[in-house]
Amino acid sequence: MVAAPVIVSAAVEGIVDEAVVRRLITLAGGQPGAVYGKNGKGHLRQKIGAYNRAARHAPWVVLVDLDHEADCPPSLLAGWVRDAAGHLCFRVAVRAVEAWLMADAEALARFLSIPRSRVPRDPEGLDDPKQVMVDLARGSQRAHIRADMVPRESGGRAVGPAYSSRLIEYAQEHWRPEVAAQRAASLRRAMGCLKRLIGSVE
């Protein structure tokens, strides 16, 4: 008799994070359930109590960017959740989920059509991974990558019009989390947390 898949619900800041979380849940042997949030960090912070309560009864993963909100993931966690439920996997990307995507340097270089040597060796040490991702795309040999990911000079936006769509495509089809985890400790911890979570309810 085949065991029923472990369904893991999630809450994230945005749609790129959703693609990343879905990949990680699947890689850990679970089945992605509903993904909530996707409306910024402030919205996620308001709802964290409800997600934590839900995790008393079923597996949940919450993913947020560290950004510059705290010095380290444990400090951010302490400020958000005082008493984490048993089935809650609360993980923090240092300093943003773009660092996790960048940590698979070979795959990202191929996707963006840039030299691998341009991809930072320590993505979690970057002050602003999103800005670095945009700068990498700016050097792409492919015009459509530049048009989609790099903002117009007069537009006043931080990213290009299809920045998220391109990163979702990359996360779903090209990114190798198990390779990226070798250069991103917070990703490695997130993958371990999900494996333990899924294993505990199988």
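**The salt bridges, pair by pair**

Guide: Let's start with Arg138, which comes out as partly exposed at 41% relative accessibility (buried is under 20% relative accessible area, exposed over 50%, partly exposed in between, with a 1.4 Å probe and protein chains only). Bear in mind that this is a predicted model, where local features need pLDDT of at least 70 and side-chain atom pairs pLDDT 80 or more, while totals for chains, interfaces and linings use all residues. Residues are numbered from 1 along each chain as its sequence is written, and side-chain values use heavy atoms, with hydrogens and water left out.

Back to Arg138: its side chain meets that of Asp135 in a salt bridge, at 2.6 Å from N to O (a Lys or Arg side-chain nitrogen within 4 Å of an Asp or Glu carboxyl oxygen). Asp135 is partly exposed too, with a relative accessibility of 31%. Both partners belong to helix α6, where they are 3 residues apart, about one turn of the helix (helices are DSSP runs of H or I, at least four residues, and strands of E, at least two, numbered from the N terminus).

Now hop over to helix α5, residues 105-112, which holds Glu106 and Arg110. These two also form a salt bridge, and their closest N and O atoms are 3.3 Å apart. They sit 4 residues apart in α5, so about one helical turn separates them. Glu106 has a relative accessible area of 34%, which makes it partly exposed, and Arg110 is likewise partly exposed, at 49%.

The next pair reaches between elements. Asp67 and Lys41 form a salt bridge whose closest N and O atoms are 3.0 Å apart. Asp67 is in the loop between β3 and α3 (73-80), whereas Lys41 is in helix α2 (residues 41-54), so this bridge ties together parts that are 26 residues apart in sequence.

How do salt bridges that share partners join up around Lys41? Lys41, Arg45, Asp67 and Glu69 are linked by them into one network.

And the tally? Searching the whole structure turns up 11 salt bridges, among them the Arg138 and Asp135 pair, the Glu106 and Arg110 pair and the Asp67 and Lys41 pair.
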